[in-house]
Structures are given as structure tokens and as C-alpha cells.
Amino acid sequence: MINTLADRIRGLASLFWREVAKFGAVGGVAFVIDNGLTYYLMHGVMSDSEAKARFVGATVATVFSWIANRFWTFRHRRQDNVVREFVMFIVINGIGIGISTGFTAIAKYGMNIQDKDILFSAGVVGILVATVVRFFAYRFLVFNKELDEEPAFSHDHELIEAHRRAEAQAEAGSGEGGDAVKRR
């Protein structure tokens, strides 16, 4: 029983790290899209609107990220209701975009920084903070189809229930012995 529970824990850890790696790869490409477009816009048509440039770059990267995470990172966890999934994804990314844009806006308007490279860097720091928030929100709120349907863990309930039954039997066995001692 201990071995099956240990195998379960190792399997969950492995699944978690695979998802983290895939999320990181998608995030890396989205990072390039976001920052490449933002940098281009900051030094071009939106040269006076750094926070708006960050917003546009993040929005384009968000669309890419939803598609890539839906069809690759969390493909086994996709919700059946695509509209609900997309709306949740947009809400969570809205929070993430708010974080990254907020870091740029705070640097520009709150700290009166005008150097475009520093403003760009503030947005990158915001992206890093938002990435942690996004991973856990995607994992537990957006792409949250139960692990029961994960092919690698199709027998989870059997393992857990068998473990619980064994514990209950052990407690019942020690409870009877204790009662017998008390009766004597």
C-alpha cells in the first residue's frame, strides 16, 4: 500500500513538473511576443504611451497563450465548456496584464521615470510576478478538469480508498483489543 501511495505522489509530482515545463515553454514564447511587440510599439507608433504599448503586447501574447495552453500544456484538463474556459482565462490574464501594465504605469507616473529602457524593465518584472499568479490560476481555475480523467491516474480513487480501508481495519483491530483489555 505504501508503495502505491508513493507511486501516486511521484506521479503527481512528475505531472506537475511536466505542466510547469510546458507552461514555461509557452510562457517563453508569449514573453517574446509580448516584449517584442511592446518594444516595437514603445519605439514606434506608441512612443508616448508606454503603458498602452505594454497592454497591446500583453493582449496579443494572451491570445497566443490561451491557444497553446489549451491545446498543449493542459490538453487533458480542458473544460467541456470552451466559452467558460476562455472567459476565465481572459479574466485571469486581465489580472496578469493589470500587474505587468501596473508595474510600467507605477514606474512612469508614480515614480516619474521617463527612460524607456527602465519602463520596459518595470514591465518585465511585472510579467514575472504575473506569471506565477497565472500558472496557479490556470492550473486550478481555468484548466481544472479533475485528475480522475488524467490517463496516468485512472485508478486514483482505488488507491486512496484501499489505503483508507486498511487504516480503518487497523483502527478497528486495535479498538477491539482495547475493549477486551477494559472488560477484564
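Is phenylalanine 86 buried, exposed or partly exposed? Phenylalanine 86 is partly exposed, with a relative accessible area of 33%. (Buried means under 20% relative accessible area, exposed means over 50%, and partly exposed is in between, using a 1.4 Å probe and protein chains only.) Keep in mind that this is a predicted model, where local features need pLDDT of at least 70 and side-chain atom pairs count only at pLDDT 80 or more, while totals for chains, interfaces and linings use all residues. Residues are numbered from 1 along each chain as its sequence is written, and side-chain values use heavy atoms, with hydrogens and water left out.

**The chain as a whole**

- You'll find five helices and zero strands here; both are DSSP runs numbered from the N terminus, with helices being H or I of at least four residues and strands E of at least two.
- Going from the N terminus on, the elements read α-α-α-α-α.
- The chain has 184 residues, and 33% of them count as buried.
- Take the contacts (heavy atoms within 4.5 Å) with a separation of 6 or more: 74% of them come from residues 24 or more positions apart.
- The accessible surface of the chain is about 10,800 Å², and carbon and sulfur atoms own 66% of that; such areas come from the Shrake-Rupley method with a 1.4 Å probe, and for residues only the protein chains shown count as cover.

**Rings meeting rings**

- There are three aromatic pairs in the structure. Rings of Phe, Tyr and Trp (its six-membered ring) pair if their centres lie within 6.5 Å; planes under 30 degrees apart are stacked, over 60 edge-to-face, and the rest tilted.
- One of them joins tryptophan 66 and phenylalanine 86 edge-to-face, at 4.7 Å centre to centre with 70 degrees between the planes.
- That pair links distant parts of the chain, since tryptophan 66 is in helix 2 (residues 50–73) and phenylalanine 86 is in helix 3 (residues 82–110), 20 residues apart.
- Tryptophan 66 is buried, at 13% relative accessible area.
- Phenylalanine 135 and phenylalanine 136 make another edge-to-face pair, 5.2 Å centre to centre and 80 degrees between the planes.
- Phenylalanine 135 is buried at 6% relative accessibility, whereas phenylalanine 136 is partly exposed at 40%.

**Charges over rings**

- Arginine 54 lies over the face of phenylalanine 120, 5.3 Å from the ring centre. To count, NZ of Lys or CZ of Arg must be within 6 Å of the ring centre and within 35 degrees of the ring normal.
- Arginine 70 does likewise with phenylalanine 71, at 5.5 Å from the ring centre.

- Leaving aside residues up to four places away in sequence, threonine 104 touches Met42, Glu50, Ala51, Arg54, Leu119, Ala122 and Gly123.
- Valine 91 also sits in helix 3, but is partly exposed at 47%.
- Val83, Val87, Val91, Ile95 and Val133 make a nonpolar surface patch of about 430 Å², and helix 3 gives the most to it, with four residues.
- Patches use residues with over 30% relative accessible area and no salt bridge, joining like charges within 9 Å and nonpolar side chains (Val, Leu, Ile, Met, Phe, Trp, Tyr) within 5 Å. A salt bridge is a side-chain nitrogen of Lys or Arg within 4 Å of a carboxyl oxygen of Asp or Glu.

- Most residues other than glycine have a negative phi.
- Asparagine 112 isn't a glycine, yet has a positive phi of about 55 degrees.
- Asparagine 112 lies in the loop between helix 3 and helix 4 (116–142) and is exposed, at 58% relative accessible area.
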